[in-house]
Amino acid sequence: MIKEKLISFYFREMHSPSWVSLFINPFYFARKGLYRSIKAIAPQITGRTLDVGCGSKPYKFLYNSSEYIGLEIDTKENKSLKDADYYYDGNNFPFNDNDFDSIVANEVFEHVFNPDNFLNEINRILKTDGKLFMTIPFVWDEHEQPFDYARYSSYGIKSILEKHGFAIVEQRKSVSDIRVIFQLLNLYTFKKLVSKNGMINLLVTLIFIAPINILGSLINLILPLNSDLYLDNIILARKIKND
């Protein structure tokens, strides 16, 4: 029971960080920025919702969905590790036209090698005036190799969505300040020291990562924003026409 509670607590801190994450989360700045942005926009995600690339559905509790469905690519690893309700071949979504009121895709689009087909499928299954909510890295290291294909600027993601029949409702930049530099430093440090032992990784985070988190948080209090350098694109769009 205690072990399960600790695992649950750690999982929560990895995706919706409190002050405790300063000491245990190597992705503290990125995850805190994402959580705040998702929480702010989540009330606009309603009705029957599809989470594309749902993973463990860490933000499900934030949305106002009447039904929440997770979709993942059909692989043996995903079926053993992910909390999906449906699986697909990476090309065709297993749903009917105009099937959903809203769709979310958090930190997924950079892993899509065929973005045109991906957005065509989202457009197809989303109702007219339905909402598409996406978060996409801008400044980040390669991850989940070899399935890391792209980075999008704020202009790039806006352009490709409009090309596929969406109008931009709201667009934000997550963590557009000096914390970008400290997050990248933590990424470098963690990837060089990470092991397969969870306790060793936690110790590494406490000794090497936590001081960087704390220092970055303090320096950020006195330095200005920089809207050209940021960690993640946050974008809410509305389907206005069939692609």
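This is a predicted model: local features need pLDDT of at least 70, side-chain atom pairs count only at pLDDT 80 or more; totals for chains, interfaces and linings use all residues.
Trainee: Let's start with α3; how many residues has it, and what is its reach from first C-alpha to last?

Mentor: Helix α3 covers residues 28-41, which makes 14 residues, and its reach from the first C-alpha to the last is 20 Å, close to the 20 Å expected at 1.5 Å a residue.

Trainee: And which residues of α3 are buried?

Mentor: The buried ones are Tyr28, Phe29, Ala30, Gly33, Leu34, Tyr35, Ser37, Ile38 and Ile41. When reading such a list, keep in mind that an α-helix has 3.6 residues a turn, so residues three or four places apart point the same way.

Trainee: Switching to helix pairs, at what angle do α7 and α8 pack, and how far apart are their axes?

Mentor: The angle between α7 and helix α8, the latter being residues 198-220, is about 170°, and the axes lie 9 Å apart. An angle over 145 degrees counts as roughly antiparallel, and α7 and α8 are therefore roughly antiparallel to each other.

Trainee: Which residues make that contact between α7 and α8?

Mentor: On the α7 side they include Phe182, Leu185 and Phe190, while on the α8 side Val204, Phe208 and Ile212 are among them. By class, the contact of α7 with α8 has 10 nonpolar, seven polar and one charged residues.

Trainee: What about α5 and α6, what are the angle and the axis distance there?

Mentor: Helix α5 (residues 115-125) packs with helix α6 (residues 154-163) at about 55°, and their axes are 10 Å apart, so these two helices, α5 and α6, are oblique to each other. In passing α6, α5 makes a right-handed crossing.

Trainee: Which residues of α5 and α6 meet?

Mentor: Pro115, Asp116 and Leu119 of α5 meet Ile160, Leu161 and Lys163 of α6, and the residues of this contact between α5 and α6 divide into four nonpolar, no polar and two charged.

Trainee: Now the loops: is Lys57 buried or exposed?

Mentor: Lys57, which is found in the loop between β1 (46-52) and β2 (64-73), has a relative accessible area of 10% and is therefore buried. Leaving aside neighbours within four places in sequence, Lys57 is in contact with Tyr68, Gly70, Asp83 and Asp85.

Trainee: What is phi of Lys57?

Mentor: Phi of Lys57 is near 55°, which is a positive value in a residue other than glycine. Asp129, in strand β5, also has a positive phi, of about 75°, although it is not a glycine. Asp129 is partly exposed, with a relative accessible area of 46%. As background, most residues other than glycine have a negative phi, and most peptide bonds are trans.

Trainee: Which peptide bond is cis, then?

Mentor: The bond from Gln145 to Pro146 is cis, with omega near 5°, and Pro146 lies in the loop between β5 (126-137) and α6.

Trainee: One more loop residue, Asp177: what is it in contact with?

Mentor: Asp177 is found in the loop between β6 (166-174) and α7 (179-193), and it is buried, with a relative accessible area of 6%. Apart from neighbours within four places in sequence, Asp177 is in contact with Asn220, Pro224, Leu225, Asn226 and Leu229.

Trainee: How far is Asp177 from Leu225, in sequence and in space?

Mentor: Asp177 and Leu225 are 48 residues apart in sequence, whereas their C-alpha atoms are 4.6 Å apart in space. For another pair, Asn92 and Ser174, the separation is 82 residues in sequence and 31 Å from C-alpha to C-alpha.

Conventions
Residues are numbered from 1 along each chain as its sequence is written. Side-chain values use heavy atoms; hydrogens and water are left out. Helices (H or I, at least four residues) and strands (E, at least two) are DSSP runs, numbered from the N terminus. The expected span of a helix is 1.5 Å times one less than its number of residues. Buried means under 20% relative accessible area, exposed over 50%, partly exposed in between (1.4 Å probe, protein chains only). Axes are lines fitted to C-alpha atoms, for helices over the stretch in contact, and angles run from 0 to 180 degrees between N-to-C directions. Angles under 35 degrees count as roughly parallel, over 145 as roughly antiparallel, 65 to 115 as roughly perpendicular and the rest as oblique. A crossing is left-handed if the near helix is turned anticlockwise from the far one by less than a right angle, and right-handed if clockwise. Contact means heavy atoms within 4.5 Å. Ala, Val, Leu, Ile, Met, Phe, Trp, Tyr, Cys and Pro count as nonpolar, Asp, Glu, Lys and Arg as charged, and the others, Gly among them, as polar.
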